[in-house]
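This report describes side-chain contacts and surface features of one protein chain. Please look over the sequence and the model before reading on.

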Amino acid sequence: NVVVVGTDKGNVLTFDAATGAPKWTALVSTEIVAPPRVADGIVAVFAGDGSIHAFTSADGAKKWVNQRVTPALTVRNYAGGVTSRGALFAGTAGGRLLAIDLPTGIVGWDGTVANPKGATELERIADVTGLPLVDQQQVCAVAYQGRVACFDIGRGVVNWSRDVSSLFSMAGDAKNVYVTDDRGAVHAFDKSTGASVWKQDLLKDRRIGGPQIVGDLVGIVDVEGYLHLLSP
């Protein structure tokens, strides 16, 4: 029953979903870089300094703040997080995936998607820049200059991982997870084991984005707006 908007000035604006009447406003530390998430009476807001702020959706009361030290260089991230089963799942700069209890802000688990490597700050960028992929049993994320990893949703234990670098969100169906790597190839991995099912690199010169499930097919949009459909 509430619509929440974040601005580049750090303002959180909320409106009644039925009438559009303003409800409450709040201010966070810096610009808001991703769509806020609303679930279980909590509004989660993602700031440009890597912090996550939570407010009560009814009246805007501040609930908690998750503040982490960010690396010297990061990829500008517009993804935000995903809410499921009373938790907020969000990737961070530095290659972490957090499972945060929405009502309290307590970090249930903190998983390593990728470890920064290299001699320079540029080489050490290993950020999770896409939305996590959440299903009933596990949550998966992929990091730039890192890997794709799937974790047990309750315990945070790594089920499997593969070395793939990507800047985009993942997609998944009943059998596979799909990811576009930073060279423009689309990969399909078995959801249970991480085994490679196929790799399609014919679109690598089309500057494609991340995958989407379109009916029973895998959809990829390129820089010119064409939708390419792949058999799963």
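The sections below cover salt bridges, the disulfide, aromatic pairs and a nonpolar surface patch. The model is a predicted one.

**Salt bridges**

Side chains of opposite charge can pair when their charged atoms come close. How many salt bridges does the structure hold? The structure holds seven salt bridges. Three of them, among the seven, are set out in the table.

| Salt bridge | N to O distance |
|---|---|
| Asp110 and Arg68 | 3.2 Å |
| Arg96 and Asp110 | 2.9 Å |
| Arg206 and Glu224 | 3.2 Å |

The side chain of Asp110 meets that of Arg68 in a salt bridge. Asp110 belongs to strand S11, residues 107-112, while Arg68 sits in the loop between strand S7 (62-66) and strand S8 (81-84), so this pair ties together parts that are 42 residues apart in sequence. Asp110 is partly exposed, its relative accessible area being 33%. Arg68 also counts as partly exposed, with 28% relative accessibility.

Asp110 meets Arg96 in a salt bridge as well. Here the pair links strand S10 (residues 96-101), which holds Arg96, with strand S11, which holds Asp110; the two residues are 14 apart. Arg96 has a relative accessible area of 23% and is partly exposed.

Arg206 and Glu224 form a salt bridge in another pair of loops. Arg206 lies in the loop between strand S19 (196-200) and strand S20 (212-214), and Glu224 lies in the loop between S21 and S22, 18 residues apart. Arg206 is partly exposed at 30% relative accessibility, whereas Glu224 is exposed at 56%.

**The disulfide**

A search of the whole structure turns up one disulfide. It is formed by Cys140 and Cys150, whose sulfur atoms are 1.9 Å apart. Cys140 is part of strand S13 (residues 138-142) and Cys150 is part of strand S14 (residues 148-152), so the pair ties together parts that are 10 residues apart in sequence. The torsion about the S-S bond is about 105°, so the disulfide is right-handed. Are the two cysteines, Cys140 and Cys150, buried or exposed? Both Cys140 and Cys150 are buried.

**Aromatic pairs**

The count of aromatic pairs comes to five. In one of them, the ring centres of Tyr178 and Trp198 are 5.9 Å apart and the ring planes stand at 35°, so the pair is tilted. Tyr178 is in strand S17 (residues 176-180) and Trp198 is in strand S19, and the pair links these distant parts of the chain, 20 residues apart. Tyr178 and Trp198 are both buried. Elsewhere, ring pairs link Phe89, Trp109 and Phe151 into a cluster.

**A nonpolar patch**

Which residues make the nonpolar surface patch? Val214, Leu217, Val221, Leu227 and Leu229 make this patch, which covers about 390 Å². Two elements give two or more residues to the nonpolar patch: strand S21 (217-221) and strand S22 (227-230). Leu227 is found in strand S22. With a relative accessible area of 49%, Leu227 is partly exposed.

Note on methods:
Residues are numbered from 1 along each chain as its sequence is written. This is a predicted model: local features need pLDDT of at least 70, side-chain atom pairs count only at pLDDT 80 or more; totals for chains, interfaces and linings use all residues. Side-chain values use heavy atoms; hydrogens and water are left out. Patches are made of residues with over 30% relative accessible area and no salt bridge: like charges are joined within 9 Å, nonpolar side chains (Val, Leu, Ile, Met, Phe, Trp, Tyr) within 5 Å. Accessible areas come from the Shrake-Rupley method with a 1.4 Å probe; for residues, only the protein chains shown count as cover. A salt bridge is a side-chain nitrogen of Lys or Arg within 4 Å of a carboxyl oxygen of Asp or Glu. Helices (H or I, at least four residues) and strands (E, at least two) are DSSP runs, numbered from the N terminus. Buried means under 20% relative accessible area, exposed over 50%, partly exposed in between (1.4 Å probe, protein chains only). A disulfide is a pair of cysteine sulfur atoms within 2.5 Å. Rings of Phe, Tyr and Trp (its six-membered ring) pair if their centres lie within 6.5 Å; planes under 30 degrees apart count as stacked, over 60 as edge-to-face and the rest as tilted.
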